[in-house]
Amino acid sequence: YKGGQEIFRFLPSLPSSPMTTFPRPGVTIAKNLSNSSMMTLLNVSLASTGRYRCEVSTEAPMFSTESKYGDLLVVILPKKAPVIMGGEAEYSPGDFVHLNCSSFESKPAADLTWTINGKKADGSYVIPHPITTNMATGLHTSTSSLFLTLGKDHFTKDGNLTIKCEATIGQNKAEVGKKIAQK
């Protein structure tokens, strides 16, 4: 069952065709990979997300029933790494930096983290924006801004500054960097 509606039935008492599938949105069952103890889904999409329940019943005379359920969450990763917009190629200590980072079209929305020379940016420099949702696809876009006035300590000994934005969904990470030279 998915969402309370039957999607698959296996009746060993019908050896010639023990399997029956019931069409539902987001559910395509691979009959050749399914049996009395396992059901395999094909072409999983956002519509496949939901609660699935397996029910096993004995036949006459007892008709006892056991059931267990599990939730399936389909994750859609962004097709591309996040994008940093704004900024200059060179900065000097005392200059003001304003950058935006966006991670497009995912579900759930990506968590964005800024790093400066490999260290997580101070939270006071970061402004997260509301997550936007594409109504046609149901996918989310995350955006975050980095605002800071650069000090000498932001630059490496060789005068470089590397700012990166990392997008994370679960264990999946993608990052984009911006290498900046000192004027």
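This is a short talk on one protein chain, going from its overall form to a few of its residues.

Before the details, a word on the source: this is a predicted model, in which local features need pLDDT of at least 70 and side-chain atom pairs count only at pLDDT 80 or more, while totals for chains, interfaces and linings use all residues. Residues are numbered from 1 along each chain as its sequence is written, and side-chain values use heavy atoms, with hydrogens and water left out.

Let me start with the whole chain. There are 0 helices and 16 strands; helices (H or I, at least four residues) and strands (E, at least two) are DSSP runs, numbered from the N terminus. Along its principal axes, the C-alpha trace spans about 85 × 30 × 25 Å. The chain has a radius of gyration of 26 Å, whereas a compact globule of 183 residues would be near 16 Å. That radius is taken over C-alpha atoms, and the globule rule is 2.2 Å times the number of residues to the power 0.38.

What share of the 183 residues counts as buried? The share is 28%, where buried means under 20% relative accessible area, exposed over 50%, and partly exposed in between (1.4 Å probe, protein chains only).

Now contacts, meaning heavy atoms within 4.5 Å. Take the contacts between residues at least 6 apart in sequence: 53% of them join residues at least 24 apart.

As for charge, the chain carries 19 positive and 15 negative side chains, and the centres of the two sets lie 3 Å apart. Lys and Arg count as positive and Asp and Glu as negative; His and the chain ends are not counted. Each charge is placed at NZ of Lys, CZ of Arg, CG of Asp or CD of Glu.

Next, single residues. His-140 sits in strand β14, residues 140-149. Is His-140 buried or exposed? His-140 counts as buried because its relative accessibility is 16%. Its side chain makes a polar contact of 2.9 Å with the side chain of Thr-133. A polar contact is a pair of N or O atoms within 3.5 Å; within protein, one must be able to donate a hydrogen and the other to accept it, and residues adjacent in sequence count only if both atoms are side-chain atoms. Leaving out residues up to four places away in sequence, His-140 touches several others, including Glu-105, Lys-107 and Pro-108.

Most residues other than glycine have a negative phi, and most peptide bonds are trans. The bond from Lys-107 to Pro-108 is cis, with omega near 0 degrees. Pro-108 is in the loop between β9 (96-106) and β10 (111-116). Glu-105, in strand β9, has a positive phi of about 50 degrees. With a relative accessible area of 28%, Glu-105 is partly exposed.

Asn-117 also has a positive phi, near 50 degrees. Asn-117 lies in the loop between β10 and β11 (119-120) and is partly exposed at 29% relative accessibility. Asn-117 is one of the residues touched by Asn-160, which belongs to strand β15, residues 160-169. Side chain to side chain, Asn-160 makes a polar contact with Asp-158 at 3.4 Å.

Last, Thr-21, in strand β2, residues 19-21. Thr-21 is partly exposed, at 30% relative accessibility. Among the residues Thr-21 touches are Ile-7 and Phe-8. Between Thr-21 and Glu-6 there are 15 residues of sequence separation and 8.3 Å in space, C-alpha to C-alpha.
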